[in-house]
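Dear colleague,

My notes on what was found in it follow directly after.

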Amino acid sequence: MALVRTLLMIAFHLITINAQGNNREDRYEEYVTKPMDVVIVLDNSGSMNKSIQNLVNFIRRVPNHIEVGEKKARIAVVRFGTISRVAFYLTDDETKIQAFNAKEMHERTHTDLGFKDAKKVFAKSGRPHAAKIVILVTDGESDTDESYGRPTGQPLLDPQSAEDEAAEL
C-alpha cells in the first residue's frame, strides 16, 4: 500500500512541477483534484518473474488508493518485455482493474515499446482535459540490441528526442 501511495504522490508532484515549471505547493490541490488518465507501464520481462504476484496485487489495489470515475481517474495497463501489449485501455471500471492478471513473461526488457503503447493508449482513449500520467514499474535497464533495430549500447532516445517524447505525453 505504501508503494502505491508513494508512486501516486510522485506522479502528482511531477504534474505540479511540469505544469508550473517549479514546485509550488499552493497549486498542488488543483492538480490532484483534476481528472487523470493514468497509464501504468509494467515490466513483464523474465527478471520480474519473482515479483509478478506483487505487481498484479499493486495494479489491483490502485482503485483502493485513488478515486476512479469518469470525472476522476481512469487507469490503463501496458505490459512490456520482448513485445508490448495493452492489457486494458483507460477505464474507470474497478472490476476490470481488479481482474488484471499478468499472464506470460518475456525474456527481454524493451521499455521503449511500453512507452510507445502508452502513447497509443492516450491517443485512443485519453481525455483532452485530463492530466496524463505514466507510471513505469520496472526492475532495471531497457535492453538494446541489433535484432531490434538499434546497435548495442545506443540509447533508446537521444536527449532531444526524449524531451519531444515527454512533451507528446
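**The sheet and its surroundings**

In this predicted model, four strands make up an open sheet with the order 3-2-1-4 and mixed pairing. Strand 3 (84–91) and strand 4 are the edge strands, each pairing on one side only. From one strand to the next, the twist averages 15 degrees.

Two helices should be noted alongside the sheet. Helix 3 (residues 52–65) lies across strand 1, strand 2 (73–80) and strand 4, and runs at about 175 degrees to strand 1. Helix 5 also packs on the sheet, where it touches strand 1, strand 2, strand 3 and strand 4; the direction of helix 5 makes about 30 degrees with that of strand 3.

**Strand 4 and its partner**

Strand 1 (residues 36–43) and strand 4 run parallel and are joined by seven bridges. Within this pair, Val 38 stands opposite Ile 133, and Val 39 stands opposite Val 134.

**Arg 127**

The loop between helix 5 (111–125) and strand 4 (131–137) contains Arg 127. Arg 127 counts as buried because its relative accessible area is 5%, and the cut-off is under 20%. Leaving aside residues up to four places away in sequence, Arg 127 touches several residues, among them Pro 35, Met 36, Asp 37, Glu 70, Arg 74 and Lys 132.

Yours sincerely

Conventions:
Residues numbered from 1 in each chain as written. Predicted model: local features only at pLDDT ≥ 70, side-chain atom pairs only at ≥ 80, totals over all residues. Heavy atoms only, no water. Buried < 20%, exposed > 50% of the residue type's maximum accessible area, 1.4 Å probe, protein only. Contact = heavy atoms within 4.5 Å. Pairing = 2+ DSSP bridges. Axes fitted to C-alpha atoms, helices over the stretch in contact; angles between N-to-C directions.
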